Amino acid sequence: MTAFPLPRTGVAVDVHAFDEDPNRPLWLACLEWPGVTGLEGHSDGDVVAHAAADALFSAAGLGDLGSNFGVDRPDMAGASGERILSEAVRLVTEAGFQIGNIAVQLVAQAPAFSPRRLEAEARMTQIAGAPVSISATTTDHLGFLGRREGAMAVASALVVPAAGPALG
């Protein structure tokens, strides 16, 4: 029987409040969203990219977003979601994993995500070097997300060890 590397999965959640500064740009899924106030954060607040990166770390057993890119790293202040995702991909790959796919769901009342979903998926797929699917939903105006106080993303990632445990 042929041996197959065992896949590993990771799950992550990222949440940020909308910034009080109406001039802060919104970044979601490595795209700028003109005319919408941005999210607070040590970096650009891109919950979609952050959740994707964190899910990769989870799948590879490499800690989490905070342990890799925490506020104790001044070089990450203002970092883009693209940089964070790119670095996560590099670290996961260097740890001996191949990325199978990443799936992310954005939970927010605004902005309307569907008009740019394919563009966002294409951009994040390019950065990750693996398929990225993104869906979006609202909370039907319930809770802090429904009151447009912030945005959240939930992500899962699948990685396969380049070499290692195998199913025989």
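Modeller: In this predicted model, helix α3, residues 81-94, packs with helix α4, residues 117-128. Their axes lie 9 Å apart and meet at an angle of about 40 degrees. Because angles under 35 degrees count as roughly parallel, an angle of about 40 degrees makes α3 oblique to α4. From α3, the residues that make the contact are Glu82, Leu85, Ser86 and Val89. From α4, they are Arg123, Met124, Ile127 and Ala128. Sorted by class, the contact of α3 with α4 has 5 nonpolar residues, 1 polar residue and 2 charged residues. Leu85, Val89, Met124, Ile127 and Ala128 are the nonpolar ones. Ser86 is the polar residue, and Glu82 and Arg123 are the charged ones.

The loop between β5 and α4 holds Pro111. A cis peptide bond joins Ala110 to Pro111, with omega at about 0 degrees. Most peptide bonds are trans, and most residues other than glycine have a negative phi.

Two residues depart from that second rule. Cys30 has a phi near 65 degrees, a positive value in a residue other than glycine. Cys30 sits in the loop between β3 (25-28) and β4 (31-37). Its relative accessible area is 7%, so Cys30 is buried. Asp140, also not a glycine, has a positive phi of about 50 degrees. The loop between β6 (132-137) and α5 (143-146) is where Asp140 is placed. Asp140 counts as exposed because its relative accessibility is 63%, and the cut-off for exposed is over 50%.

As for the strands, β5 (residues 97-107) runs antiparallel to β7, and 10 bridges join the two. Within this pairing, Gln98 has Val160 of β7 as its bridge partner. Strand β7 covers residues 150-161 and also pairs with β2, residues 8-17. The pairing of β2 with β7 is antiparallel and has 10 bridges. Here Ala12 stands opposite Ala155 of β7.

Technical notes. Residues are numbered from 1 along each chain as its sequence is written. This is a predicted model: local features need pLDDT of at least 70, side-chain atom pairs count only at pLDDT 80 or more; totals for chains, interfaces and linings use all residues. Side-chain values use heavy atoms; hydrogens and water are left out. Two strands pair if DSSP finds at least two bridges between them. Helices (H or I, at least four residues) and strands (E, at least two) are DSSP runs, numbered from the N terminus. Axes are lines fitted to C-alpha atoms, for helices over the stretch in contact, and angles run from 0 to 180 degrees between N-to-C directions. Angles under 35 degrees count as roughly parallel, over 145 as roughly antiparallel, 65 to 115 as roughly perpendicular and the rest as oblique. Contact means heavy atoms within 4.5 Å. Buried means under 20% relative accessible area, exposed over 50%, partly exposed in between (1.4 Å probe, protein chains only).
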